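Please look over the sequence and the model shown here before reading on. The report that follows begins with a pocket and then turns to a helix and to the chain as a whole.

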Amino acid sequence: MNDRFCEFFGYTRDESVGRRLNDLVVPEPMKTEGSALDRRAIAEWEAPLETVRCRKDGTLLDVAIQSVLIRDG
C-alpha cells in the first residue's frame, strides 16, 4: 500500500500492509467483482470497471478500475 492509498482510503500503512484489498475497501455486495474482473482480463487482456469502494470511515466512493493482463516470460 502506498501513501496515496492510505491518504485516499483512510488506512495507515500498518493497518493495510498484509491485508487483502478486498477486505479493506470492497463493500460486501461487491466482493465477487475481483474474481470476475480477473477472468475477464485473462480472456480480453484488459477489463475496465466502474464500481464502488469504501473508505475506512464507511464513505462510499465511485471508482474506475482498469485491469490489464501482464504476462511475464
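## The largest pocket

By class, 5 nonpolar, 3 polar and 3 charged residues make up the lining of the largest pocket, where Ala, Val, Leu, Ile, Met, Phe, Trp, Tyr, Cys and Pro count as nonpolar, Asp, Glu, Lys and Arg as charged, and the others, Gly among them, as polar. This is a predicted model, in which local features need pLDDT of at least 70 and side-chain atom pairs count only at pLDDT 80 or more, while totals for chains, interfaces and linings use all residues. Residues are numbered from 1 along each chain as its sequence is written, and side-chain values use heavy atoms, with hydrogens and water left out.

A pocket is here an open set of points, on a 1 Å grid over the protein atoms alone, where a 1.4 Å probe fits, with protein on both sides within 12 Å along at least five of seven lines, and its lining residues have an atom within 4 Å of a point. The space in the largest pocket comes to about 160 Å³, a volume being the space filled by probe spheres set on the points, which are joined across faces, edges and corners. Among the lining residues are Leu21, Glu33, Leu37, Leu49 and Ile65. Helix H4 (33-44) gives the most to this lining, with 4 residues; helices (H or I, at least four residues) and strands (E, at least two) are DSSP runs, numbered from the N terminus.

## Helix H4

The buried residues of H4 are Glu33, Leu37 and Ala41, buried meaning under 20% relative accessible area and exposed over 50% (1.4 Å probe, protein chains only). They cover an arc of only 65 degrees around the axis, which puts them on the same side of H4; the arc is that of the directions from the helix axis to the C-beta atoms. On the other side of H4, Arg39, Ile42 and Ala43 are exposed.

What covers the buried residues of H4 includes strands S1 and S2, with contact taken as heavy atoms within 4.5 Å. Just after H4, Trp45 has a positive phi of about 75 degrees. Leu69, in the segment after S2, is in contact with Ala41, Ile42 and Trp45, once its neighbours within four places in sequence are left aside.

## The chain as a whole

The protein chain has 4 helices and 2 strands, and along the sequence they follow the pattern α-α-α-α-β-β. Of its 73 residues, 30% are buried, and the C-alpha trace spans about 35 × 30 × 15 Å along its principal axes.
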